[in-house]
Amino acid sequence: MSVSERSLGNLLLCVLAAGLIGGSFLLPWFTYDHSTGRRTPEGGFHDPSEDGVVRQDWEAGPGGSEGTLESEHPAKTARTLDRMAWALYGALGLLGLAALSEIPGISRVLVRPVTLALNTLAFAAVAAALALGWYVLPESFGHGVDGPFTSYLDDSGYTMTSIAAGWPVAALSLGAIFGGFLLKFQAGAPDATAVAELYARGEI
């Protein structure tokens with residue numbers, strides 16, 4: 001009995017996951033905003049828009065950052081962002097190979113166990129990038145930030161940090177990768193009806 005190990009579902013989900021990962025590069029993963037209190041002159045008339053508030057912001061994603069404020073630990077921050085980018089590049093490469101494994105001919109080389117391993121490694125690479133963005137990046141930025149979500153008021157003004165859109169977009173790719181893994185795993189299993197017929201004929 002010959003069972004096809006190719007899975008169109010895995011191919012489509014690998015492409016979807018790669019698209020989500022690629023899209024996450026275009027969006028910030030972490031943002032920092034700080035603003036001072038109002039500093040308007042006492043008495044007299046003044047333009048309401050000239051409130052004296054000084055605003056500073058910073059946003060970062062895999063491979064780079066921008067804003068009006070610099071990290072207190074620029075080397076560590078740059079290293080973290082680079083590691084996030086390389087982890088995602090690795091995931092894209094692994095997903096590309098997993099998708100190619102569904103093409104006739106190539107599927108004879110990239111067999112089912114290899115494809116399952118590629119999916120697993122891609123999942124781990126994305127998870128590593130997400131962990132760096134959640135746990136390491138905020139702490140590396142400094143300025144009193146010690147977590148992905150911060151909100152506090154002190155003598156210098158109001159500070160707020162948050163995980164931005166890029167992080168959840170990349171996280172969605174984990175579901176697609178896991179779904180592809182399951183479909184690929186199922187693709188190698190013999191059909192239950194075929195097994196029953198072979199058993200009835202005494203061939204197994």
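Predicted model: local features only at pLDDT ≥ 70, side-chain atom pairs only at ≥ 80, totals over all residues.

**Helix packing**

Start with α3 (residues 112–141) and α4 (residues 166–187). Their axes come within 10 Å and cross at roughly 160°. An angle over 145 degrees counts as roughly antiparallel, and α3 and α4 are therefore roughly antiparallel to each other. The crossing is left-handed. On the α3 side, the contact residues include L116, F123, L130 and W134. On the α4 side, they include W167, L174, F178 and F185. R112 of α3 and K184 of α4 also take part. By class, this contact has 15 nonpolar, 6 polar and 2 charged residues.

Helix α2 (residues 74–100) also packs on α3, with the axes 8 Å apart and an angle of about 165°. These two helices are therefore roughly antiparallel as well. α2 and α3 also make a left-handed crossing. Their contact has 19 nonpolar, 6 polar and 3 charged residues.

| Helix pair | Axis separation | Angle |
|---|---|---|
| α3 and α4 | within 10 Å | roughly 160° |
| α2 and α3 | 8 Å | about 165° |

**The sheet**

An open sheet is built from 5 strands, in the order β3-β2-β1-β5-β4, with antiparallel pairing. Which strands stand at the edges? They are β3 (64–67) and β4 (150–154). Each has a single partner strand, so one side of each lacks a neighbour in the sheet. Direction ignored, neighbouring strands are turned by 10° against each other on average.

Edge strand β4 is joined to β5 (residues 157–163) by 5 bridges, and the two run antiparallel. Y152 has T159 of β5 as its bridge partner.

Methods:
Residues numbered from 1 in each chain as written. Heavy atoms only, no water. Axes fitted to C-alpha atoms, helices over the stretch in contact; angles between N-to-C directions. Helix = DSSP H or I, 4+ residues; strand = E, 2+ residues; numbered from the N terminus. Parallel < 35°, antiparallel > 145°, perpendicular 65-115°, else oblique. Left-handed = near helix turned anticlockwise from the far one by under 90°. Contact = heavy atoms within 4.5 Å. Nonpolar A, V, L, I, M, F, W, Y, C, P; charged D, E, K, R; others polar. Pairing = 2+ DSSP bridges.
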